[in-house]
Amino acid sequence: MVISATTDYRAAAQAKLPPFLFHYIDGGSYTETTLKNNVSDLQDIALKQKVLNDMSELSLEHDVFGEKLSMPVVLSPVGLTGMYARRGEVQAAKAAEKMGIPFTMSTVSVCPIEEVTPAIKRPMWFQLYVLKDREFMKNVLERAKAAGVTTLVFTVDMPTPGARYRDMHSGMSGPYAEFRRVMQAVAHPSWAMDVGLLGKPHDLGNISAYRNKTTKLGDYIGWLGDNFDTSISWQDLEWIREFWDGPLIIKGILDVEDAKDAVRFGADGIVVSNHGGRQLDGVMSSAKALPLIADAVKGDIKLFVDSGIRSGLDVVRMLALGADCTMLGRSYIYALAARGQQGVEHLLSLYQNEIRVAMTLTGAKSIGEIGNHSIARAM
Ligand SMILES: Cc1cc2nc3c(=O)[nH]c(=O)nc-3n(C[C@H](O)[C@H](O)[C@H](O)COP(=O)(O)O)c2cc1C
């Protein structure tokens, strides 16, 4: 197969991964309505074609908190990345570095912080969940600082995990889950050899380092369920602001008033996100929520967005809807699962080219020139 787009990488990932892993990545919560709307609402945005503008000089570069990005794209945090490709967090971080953009490590990564940062020269970003065990949060933040992490992404839309019924069908959870996972691995020998055998330890690296004992995949759902904190409120975030002196981004904002609160709180950025449709099904897609939030807070805070981006064209659509910068979740994970670091680099270069083409044909010579005027309005 000639791999040319996200849909091809998704198909290649599905062929390679045991179903419990593919569906864990691919799925959303409940009926997956928000997951579908994230993609279709964004693809419905028509850009305005503008021609004959001498587009020979064009720049995709973008500055985020003093860091130069080759394009306005960041890799979103994705848990268990080291289960989709051998030491997956290291491969993704290397690909991001090669393509000139930041990689964000998830709290619940397979590789610990200390395994990834020595493999790259570019500073890594780190994502933190709100957890009951505040000592773990402090410990991991101290380790992130010591490892040279620059930017903290604080995820607030997971005080409790959403109901993901696909996981119960696929063997990620539910009856005989462990037995089913083993049987699926046996039926997918290239994954079983490459990741199952050679990609060990299959551990939650950051959590094991803190607990001083191995935290296995089987403990993952249980650990998350026991540790997510439904009591969290804005006041609880004060100590994070005091503790973390670098840029702080709050991820998982979908409401205008919450966005205004994030500005009042003193966050440096927000990610308009519904966690890729994995939390509360039925909430608004990011493409619909973003313009409302941009109207209220654009210019007061750096506006990131994720959920539903499947191409470079979608990146431009999100910028036209008001984002300053975009983040990718599933799309880069499909490429990573299919072809490792090389796949992610390839996917990002396809996106880069699509952004360039879209800018050329909408008459935007720099990222800052993409805006609301880039959207076509029906008469
Ligand atoms: C398999 C998977 C695991 C994820 N794990 C995390 C995580 O650990 N922390 C987090 O903040 N978001 C996590 N997310 C959400 C992503 O960061 C991002 O918000 C979402 O994937 C964006 O939607 P998209 O996949 O449509 O691009 C995860 C998403 C997926 C698909």
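One cavity of 30 Å³ or more is counted in this predicted model; a cavity is a set of points on a 1 Å grid over the protein atoms alone where a 1.4 Å probe fits but cannot get out. The largest cavity holds about 40 Å³, a volume being the space filled by probe spheres set on the points, which are joined across faces, edges and corners. Its lining (residues with an atom within 4 Å of a point) includes Ala 93, Phe 103, Ile 120 and Met 124. By class, eight of the lining residues are nonpolar, none polar and two charged (Ala, Val, Leu, Ile, Met, Phe, Trp, Tyr, Cys and Pro count as nonpolar, Asp, Glu, Lys and Arg as charged, and the others, Gly among them, as polar).

A pocket is an open set of points with protein on both sides within 12 Å along at least five of seven lines. The largest pocket has a volume of about 670 Å³. Among its 40 lining residues, Tyr 24, Met 158, Arg 164, His 275 and Arg 278 are the closest to the centre. Helix H12 (217-227) is one of the elements that give two or more residues to this lining, and H12 contributes the most, with four. Helices (H or I, at least four residues) and strands (E, at least two) are DSSP runs numbered from the N terminus. The lining comprises 19 nonpolar, 14 polar and seven charged residues.

The second largest pocket has a volume of about 540 Å³. Of its 24 lining residues, Val 156, Asp 157, Pro 159, Gly 252 and Asp 258 lie nearest the centre. Strand S7 (residues 248-253) gives the most to this lining, with three residues.

Residues are numbered from 1 along each chain as its sequence is written, and side-chain values use heavy atoms, with hydrogens and water left out. In this predicted model, local features need pLDDT of at least 70 and side-chain atom pairs count only at pLDDT 80 or more, whereas totals for chains, interfaces and linings use all residues.
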